[in-house]
Amino acid sequence: MRKLLISMTVAVLTVSIMASDSKDLKQRKQLAEQLLIKMEVPQSMTKTFNMIFRAQVAQMNRMKLNDAQKTTALKVQKETMELLQKELSWNNIKSSIISVYAETFSAADLKAIIAFYSSPAGKKFVQKQPELQQRMMAMQMNLMQKLQPKIMAIVRKYSPKGSPAGN
């Protein structure tokens with residue numbers, strides 16, 4: 001009888017903890033969605049895709065490609081970006097992003113972050129984010145361009161003689 005009583009008590013506590021966790025997760029998901037909207041994530045995703053496409057086209061133009069290669073590369077790039085924009089659209093990945101935020105932050109954390117993004121500094125951060133991303137991307141591309149000869153030296157070092165990379 002005593003074991004039955006203990007088992008029932010544990011079961012009741014487990015169910016109530018699970019119900020509480022479920023309520024908390026639901027609240028965190030609602031808060032996460034509010035936060036992502038405050039952060040203008042849907043709009044920023046579109047801007048980011050466009051920025052990546054422009055950067056890749058610019059990089060492609062710096063490469064020594066003939067007209068046929070450029071035309072093919074641009075077609076591949078355009079089709080790839082269209083696929084990514086479709087498959088990684090806000091509507092397709094919204095619930096996954098919300099879940100990640102809800103599982104990562106507590107309700108109190110999410111409320112505090114929402115308060116920041118509602119503040120003048122938070123709004124300014126959101127407003128400046130595209131410019132910041134563009135400048136960061138340019139800086140990273142510049143660094144990678146400077147590293148390219150060293151990377152190619154490493155590739156040549158390990159490539160068989162006679163292969164395009166080994167020459």
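Predicted model: local features only at pLDDT ≥ 70, side-chain atom pairs only at ≥ 80, totals over all residues.
Let me start with the overall layout. The protein chain has six helices and zero strands, and from the N terminus on its elements run α-α-α-α-α-α. Helices (H or I, at least four residues) and strands (E, at least two) are DSSP runs, numbered from the N terminus. The chain has 167 residues, and buried residues make up 17% of them; buried means under 20% relative accessible area, exposed means over 50%, and partly exposed lies in between, with a 1.4 Å probe and protein chains only. The accessible surface of the chain comes to about 12600 Å², and 62% of that surface belongs to carbon and sulfur atoms. Those areas come from the Shrake-Rupley method with a 1.4 Å probe, and for residues only the protein chains shown count as cover.

Now to the interior. In soluble globular proteins, nonpolar side chains tend to be buried together. A nonpolar core here is a set of buried Ala, Val, Leu, Ile, Met, Phe, Trp, Tyr and Cys residues joined through side-chain atoms within 4.5 Å. In the largest such core there are 15 residues, of which Leu35 and Val41 touch the most other members. Helices α1 (2-38), α2 (41-62), α4 and α5 (107-118) each supply at least two residues of this core. If we set aside its neighbours within four places in sequence, Val41 is in contact with Leu36 and Trp90. Trp90 is itself buried in α4, as are Ile98, Ser99 and Ala102. Helix α4 (residues 90-104) has 15 residues, which at 1.5 Å a residue should span 21 Å, and its end C-alpha atoms are 19 Å apart, which agrees; the expected span is 1.5 Å times one less than the number of residues.

Two further residues show how parts of the chain meet. Arg28 has its place in helix α1 and, at 15% relative accessibility, counts as buried. Leaving aside neighbours within four places in sequence, Arg28 is in contact with Ala102, Glu103, Phe105, Ser106, Ala107 and Leu110. Phe53 and Met81 are 28 residues apart in sequence, yet 7.0 Å apart in space, C-alpha to C-alpha.

Let me turn to the charged pairs. Side chains of opposite charge can pair when their charged atoms come close. A salt bridge is taken as a side-chain nitrogen of Lys or Arg within 4 Å of a carboxyl oxygen of Asp or Glu, and by this rule the count comes to five. One of them joins Glu82 to Lys78, with the closest N and O atoms 2.8 Å apart. These two are separated by about one helical turn, because they lie four residues apart in helix α3 (residues 67-87).

Another pair, Glu131 and Lys128, has its closest N and O atoms 3.7 Å apart, and both residues lie in helix α6 (residues 120-158), three residues apart. Arg135 also forms a salt bridge with Glu131, at 3.6 Å between the closest N and O atoms. Through shared partners, salt bridges join Lys128, Glu131 and Arg135 into one network.

Finally, the surface. Phe116, Phe125, Leu132, Met136, Met139 and Leu143 make a nonpolar surface patch of about 520 Å². Patches are made of residues with over 30% relative accessible area and no salt bridge, like charges being joined within 9 Å and nonpolar side chains (Val, Leu, Ile, Met, Phe, Trp, Tyr) within 5 Å. Helix α6 gives the largest share of the patch, five residues, whereas Phe116 lies in helix α5 and counts as partly exposed at 38% relative accessibility.

Key:
Residues numbered from 1 in each chain as written. Heavy atoms only, no water. Contact = heavy atoms within 4.5 Å.
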